[in-house]
Amino acid sequence: MAHHRSKRSDTREEKSALNLSEDDSVRLSRQVTLLDSIAFIVGAVIGSGIFISPTGVLANTGGIGWALLIWVFCGIISMLGALTYAELGTTFPVSGGDFSFILEAYGKIPAFLTAISRFIVRSAAMAILSLTFAANVLLIFYPDCPVPETLTQLVAIAMMGGVVFANSVSVPGSRYISVLMMIAKLLALAAIIIAGMIKLAQGNTENFQNAFDPSEFNFKSLPLAIYSGMYAYTGWSFLVQLTEEIINPSRTIPKAVFISLTLVTAVYLLVNIAYFTVLSPEEVLSSTSVSQEFGQRVFGSFAWTMGLGVALSCLGTINGTIFSISRFLLVASREGMMPSIASMIHVDRKTPLPAAVVMLPIGILMVLTISDVYRLINFLSTTGWIMNGMTCSIVPYMRWKRPELERPFKVPLVIPVVFFLFCVFIVVMSLYSSPVDCGIGLAIFFGGIPVYYIFVWWENKPVWFNQGMDRVTIFFQQLLYVVPPEEPKSKIRIPGRIRDPNSQSDKI
């Protein structure tokens, strides 16, 4: 039986962020506005990829025109996936993203494997972005000599600590960081675009001659070009992980997705045109950082600003990653698949402090073992596309199984079908091109099954184990000053049942 929210609940969703943030109850409230949502997506998507990926896209397409088409194609595919997630996020109005969707549609084991895999990959990506941030900041102070590795690691760890602290003490503070970093990175990219357009207006068009030469097109390596392009669009799925904090999500999520990815795709296309206006294909292919090469050619002594732009882009993405992972962990804990401490809220700050803080020691460990982190991401990249495809398959599955569900935002069925087929294509090509890495990744992924049976499915654990876990939970509650979130006045609707989002039952 489908349940509908009361008018009172709808009225609460329409309240301003200011009024909602003044709620005295100890739980996460709806504070995320449309601007915050746009900033969150743009901040999550625009990281270091646009400053690095153009080399990989060009190398695997063979020509400038084909490379530009790949950037547009990847933007369209990302839009299809994000719109599919938007339907799921408004049909299942809970945080947690694909974890919550897969849990509802396919059960606990696939959801648990999704949670573990997503957590590992995003933690590893955060470590890499932190080091990229540190390297670009220190490059300003070490322009002509190598940067000490230890110093790079220390700056990366300090930056992570600062972002974790901001996410732990204030939800509005995290939102403001997202907006500021969005503005900063768009200004940095605008500088590249404007400089490139000026050069283009001055007649620098020689690099675009025969841009679509069919003899240069490299079909065999096309999947690798798509990989490089899609890397720069990573983050389009993050918004639905905080649905419960978004004001009027049924309208905000689709609007934010459409505006953000349209903006990102247009910016990426213009930035690449600017790159190719100034740099020849040979120069792009020989460069380790296209933006740095562009900056040295165009801005001269101010080329360091490009490094600063990369650093700020990484900072914004890291903030969005921590913000989303903390909600991801909170929901997984709420569903009994993570330790119960991860679902608790700070009494005064009303932030998911334990779920945010746990990212810091994991991030530090990964920064100190970065070579292994790169290998880990390579191993698990295929499983990420498997989960994307599994998530998008939920839309046609639920259209068939539960046609009576209320769907405030509904996409044409062709959209999730096309994205699902794209995910299948990526997975098949990955298995064909890197069978060993994919095999190791799948072994790591399915290795979570025995973990699930031991820590989640097995209910009659020894008394000493349960007592020990209780003591650990109480210790961290007292240390972090956190408690289980209070029950909201209106429960959140889930198809087939009413689930209390703050229930603390069945925890590890």
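Reader: How near do the axes of helix H3 and helix H15 come, and at roughly what angle do they cross?

Author: This is a predicted model, in which local features need pLDDT of at least 70 and side-chain atom pairs count only at pLDDT 80 or more, while totals for chains, interfaces and linings use all residues. Residues are numbered from 1 along each chain as its sequence is written, and side-chain values use heavy atoms, with hydrogens and water left out. Helices (H or I, at least four residues) and strands (E, at least two) are DSSP runs, numbered from the N terminus; axes are lines fitted to C-alpha atoms, for helices over the stretch in contact, with angles from 0 to 180 degrees between N-to-C directions. The axes of H3 (residues 34–45) and H15 (residues 304–334) come within 7 Å and cross at roughly 115°.

Reader: Which residues of H3 meet H15, and how many in the contact are polar?

Author: Contact means heavy atoms within 4.5 Å. On that basis Phe40, Gly43 and Ala44 of H3 meet Gly316, Thr317, Gly320, Phe323 and Ser324 of H15. Ala, Val, Leu, Ile, Met, Phe, Trp, Tyr, Cys and Pro count as nonpolar, Asp, Glu, Lys and Arg as charged, and the others, Gly among them, as polar. The contact of H3 with H15 has 3 nonpolar residues, no charged ones and 5 polar.

Reader: Is Ile322 buried or exposed?

Author: Ile322 is found in helix H15, and it touches Met126, Val163, Val164 and Asn167, not counting residues up to four places away in sequence. Its C-alpha atom is separated by 7.0 Å from that of Val164, 158 residues apart along the chain. Buried means under 20% relative accessible area, exposed over 50% and partly exposed in between (1.4 Å probe, protein chains only). With a relative accessible area of 0%, Ile322 is therefore buried.

Reader: What does Ser326 touch?

Author: Ser326 is also part of helix H15 and is buried, with a relative accessible area of 1%. The C-alpha atoms of Ser326 and Thr351, 25 residues apart along the chain, are separated by 9.5 Å. Leaving out residues up to four places away in sequence, Ser326 touches Pro352, Ala355 and Ala356.

Reader: Why are H10 and H12 described as oblique to each other?

Author: The axes of H10 (residues 171–201) and H12 (residues 249–278) come within 8 Å and cross at roughly 45°. Angles under 35 degrees count as roughly parallel, over 145 as roughly antiparallel, 65 to 115 as roughly perpendicular and the rest as oblique. H10 and H12 are therefore oblique to each other.

Reader: Into what classes do the residues of the contact of H10 with H12 divide?

Author: Leu186, Ile192 and Gly196 are among the residues of H10 in this contact, and Leu263, Val267 and Tyr275 are among those of H12. By class, the contact of H10 with H12 divides into 14 nonpolar, 2 polar and 1 charged.

Reader: Which residues touch the most other members of the largest nonpolar core?

Author: A nonpolar core is a set of buried Ala, Val, Leu, Ile, Met, Phe, Trp, Tyr and Cys residues joined through side-chain atoms within 4.5 Å. One of the residues asked about, Tyr268, is in contact with Val45, Ile46, Ile50, Trp71, Ala232 and Tyr233, leaving aside its neighbours within four places in sequence. Of the 129 residues in the largest core, those that touch the most other members are Phe99, Ile192, Val257 and Tyr268.

Reader: What is phi of Asn248 near?

Author: Asn248 lies in the loop between helix H11 (222–232) and H12, and it is buried, with a relative accessible area of 7%. Most residues other than glycine have a negative phi. Asn248 is a residue other than glycine with a positive phi, near 50°.

Reader: Where is Lys350, and about what is its phi?

Author: Lys350 is in the loop between strand S1 (345–346) and helix H16 (353–357). Lys350 is buried, with a relative accessible area of 15%. Although it is not a glycine, Lys350 has a positive phi of about 55°.

Reader: What share of the chain do buried residues make up?

Author: The chain has 23 helices and 4 strands. Of its 508 residues, buried ones make up 56%.
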